[in-house]
Amino acid sequence: GNNENNDDGNDNNNNSREMKSCICSADIAVFSFVLHENSSFLLVVDECEQKLSGILKFILESAKRGAIIICMDSGNALWPVFRETAIQYGWRFMSDAQKDHKIILGPKSFCLMERVQLCNPQL
């Protein structure tokens, strides 16, 4: 029969496809305390260099002009690779690592991005 929760993982594939189809029209994406803990799944090493992969790279490639990304996390170790990739895809990037002073309230680390132009480099 037709089972909504397939044991073969198709539910996850369907959810992923649905989320990816929404990215192109989303105005804002928020990542709150999930990136630092999952950085091992989001980074790949290519020729001794770390590169962004997975859903974050897909969002940077596919989001519309004017889209905003807000990230709050417990650490900023992912920000340099995130920033480098974001700039290549036409995003403006700002994070706590670029500030001279620490923020007293709120998350330990943050980054804000806005897609200002559509470009898709060959990475």
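The dialogue below takes up the sheet, the helices, the core and the backbone angles in turn.

Tutor: This is a predicted model, in which local features need pLDDT of at least 70 and side-chain atom pairs count only at pLDDT 80 or more, whereas totals for chains, interfaces and linings use all residues. Residues are numbered from 1 along each chain as its sequence is written, and side-chain values use heavy atoms, with hydrogens and water left out.

Student: What is the order of the strands in the open sheet?

Tutor: Helices (H or I, at least four residues) and strands (E, at least two) are DSSP runs, numbered from the N terminus. Two strands pair if DSSP finds at least two bridges between them. Here four strands form an open sheet in the order E1-E4-E6-E5, and the pairing is mixed. Strand E1 (28-32) and E5 each have a single partner strand and stand at the edges, so one side of each has no neighbour in the sheet. On average, neighbouring strands of this sheet are turned by 10 degrees against each other, direction ignored. E5 and E6 run antiparallel and are joined by five bridges; methionine 94 stands opposite leucine 112 in E6.

Student: Which helices pack against these strands?

Tutor: Axes are lines fitted to C-alpha atoms, for helices over the stretch in contact, and angles run from 0 to 180 degrees between N-to-C directions. Contact means heavy atoms within 4.5 Å. H3 packs on the sheet, where it touches E1, E4, E5 and E6, and its direction makes about 35 degrees with that of E6. H4 lies across E4, E5 and E6 and runs at about 160 degrees to E5.

Student: Is threonine 85 buried or exposed?

Tutor: Threonine 85 is buried, with a relative accessible area of 7%. Its side chain reaches the backbone oxygen of valine 81 at 3.0 Å, a polar contact being a pair of N or O atoms within 3.5 Å; within protein, one must be able to donate a hydrogen and the other to accept it, and residues adjacent in sequence count only if both atoms are side-chain atoms.

Student: Which residues touch the most other members of the largest nonpolar core?

Tutor: A nonpolar core is a set of buried Ala, Val, Leu, Ile, Met, Phe, Trp, Tyr and Cys residues joined through side-chain atoms within 4.5 Å. Of the 24 residues in the largest one, Leu35, Leu60, Ile69, Cys71, Phe82, Trp91 and Met113 touch the most other members. The largest share, four residues, comes from H4. Beyond its neighbours within four places in sequence, isoleucine 69 has contacts that include Ala29, Phe31, Leu60, Trp91 and Met113.

Student: Where does phi take a positive value in a residue other than glycine?

Tutor: Most residues other than glycine have a negative phi. Phenylalanine 33 has a positive phi near 55 degrees; this residue is in the loop between E1 and helix H2 (39-42) and is partly exposed, with a relative accessible area of 39%. Glutamate 47 also takes a positive phi near 55 degrees, in the hairpin of E2 and E3, which has two residues between the strands.

How values were computed:
Buried means under 20% relative accessible area, exposed over 50%, partly exposed in between (1.4 Å probe, protein chains only).
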